[in-house]
Amino acid sequence: MKARARRSAATTLAAAAVAMMASGCINTDAAVFVEPSIAAPEATVSANALGTGLTASFALQLHLSARASGPSRVAVRTFAITSADQKTSIVEPLPVETTAVLPVEVAPDSDVTVAFTVDTGAQGGTLKADAAAALCAPEGIRITGAIEDSLEDGATPVASAVFHPVCP
């Protein structure tokens, strides 16, 4: 009788362990600090007698796992447009605008997306005339930047995938 009860209890515990693993109860997401990424980068370059115009948009995605010690306040340090290999800065600092109030709070086990736009013409300025050639290089460009995560010391770099702007 005791052996049957032990087997039944062991079977029940094993079944419960398998059910927990199958239901995803074990969180393996290791993002204890905010993991930034840049999504959906787009840009349009225009050239005129006064210089080069640039309009652009992208989304800064911020992820924090349930394993984090608490919420994080994330501030943006800077953004730039660089060459595809990130060795040459083309537009730095990138004059970004957002409707979000910065810094933003990222709670554990959550994702926050902040949309940014750039319009050099709306700010009454243009880029140097030679910027168009670098922005429209066949290799493409990247949007790069850095954020400050209150859970971590220092800056965390972030970069988009290589993309090609619409060029004249």
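A nonpolar core is a set of buried Ala, Val, Leu, Ile, Met, Phe, Trp, Tyr and Cys residues joined through side-chain atoms within 4.5 Å. The exercises below use that term on a predicted model.

**Exercise 1. The fold in outline**

Task: State how many helices and strands the protein has, and give their order from the N terminus.

Solution. 
Step 1. Count the elements. The protein has two helices and nine strands.
Step 2. The order is α-β-β-β-β-β-β-β-α-β-β.
Step 3. Take contacts between residues at least 6 apart in sequence: 68% of them join residues at least 24 apart.
Step 4. Of 168 residues, 35% count as buried.

**Exercise 2. The largest nonpolar core**

Task: Find which residues have the most contacts inside the largest nonpolar core, and which element gives the largest share of this core.

Solution. 
Step 1. Size the core. It holds 32 residues.
Step 2. Pick out the residues with the most contacts inside it. They are Leu54, Leu62, Ile81, Leu94 and Leu135.
Step 3. List the elements that give two or more residues. They are strands S1 (35–48), S2 (51–64), S3, S4 (89–91), S6 (104–106), S7 (110–119) and S8, together with helix H2 (131–135).
Step 4. Name the main contributor. S2 supplies six residues, the largest share.
Step 5. In soluble globular proteins, nonpolar side chains tend to be buried together.
Step 6. Look at Leu62 in detail. Beyond four places in sequence, its contacts include Val34, Pro36, Val74, Val104, Val106, Val112 and Ile147. Glu35, Ser110 and Asp111 are also among the contacts of Leu62.

**Exercise 3. Val91 and its surroundings**

Task: Decide whether Val91 is buried or exposed, and list its contacts beyond four places in sequence.

Solution. 
Step 1. Val91 sits in strand S4.
Step 2. Apply the cut-off. Buried means under 20% relative accessible area. Val91 has 5%, so it counts as buried.
Step 3. List the contacts. Val91 touches Leu54, Ala80, Ile81, Leu127 and Leu135.

**Exercise 4. Aromatic pairs**

Task: Count the aromatic pairs, and classify the pair Phe58 and Phe116.

Solution. 
Step 1. Count. There are three aromatic pairs.
Step 2. Take the geometry of Phe58 and Phe116. Their ring centres lie 5.3 Å apart, and the planes meet at 15°.
Step 3. Classify. Planes under 30 degrees apart count as stacked, so Phe58 and Phe116 form a stacked pair.
Step 4. Locate the partners. Phe58 is in strand S2 and Phe116 in strand S7, so the pair ties together parts 58 residues apart in sequence.
Step 5. Check burial. Both Phe58 and Phe116 are buried.
Step 6. Widen the view. Ring pairs link Phe58, Phe79 and Phe116 into a cluster.

**Exercise 5. The salt bridge**

Task: Identify the residues of the salt bridge and give the distance between their closest N and O atoms.

Solution. 
Step 1. Count. There is one salt bridge.
Step 2. Name the partners. Arg77 pairs with Glu148, and the closest N and O atoms are 2.7 Å apart.
Step 3. Locate the partners. Arg77 lies in strand S3 (residues 72–83) and Glu148 in strand S8 (residues 141–149), so the bridge ties together parts 71 residues apart in sequence.
Step 4. Arg77 is partly exposed at 49% relative accessibility. Glu148 is partly exposed at 34%.

Key: Residues numbered from 1 in each chain as written. Predicted model: local features only at pLDDT ≥ 70, side-chain atom pairs only at ≥ 80, totals over all residues. Heavy atoms only, no water. Salt bridge = Lys/Arg side-chain N within 4 Å of Asp/Glu carboxyl O. Helix = DSSP H or I, 4+ residues; strand = E, 2+ residues; numbered from the N terminus. Buried < 20%, exposed > 50% of the residue type's maximum accessible area, 1.4 Å probe, protein only. Contact = heavy atoms within 4.5 Å. Phe/Tyr/Trp six-rings, centres within 6.5 Å; stacked < 30°, edge-to-face > 60°.
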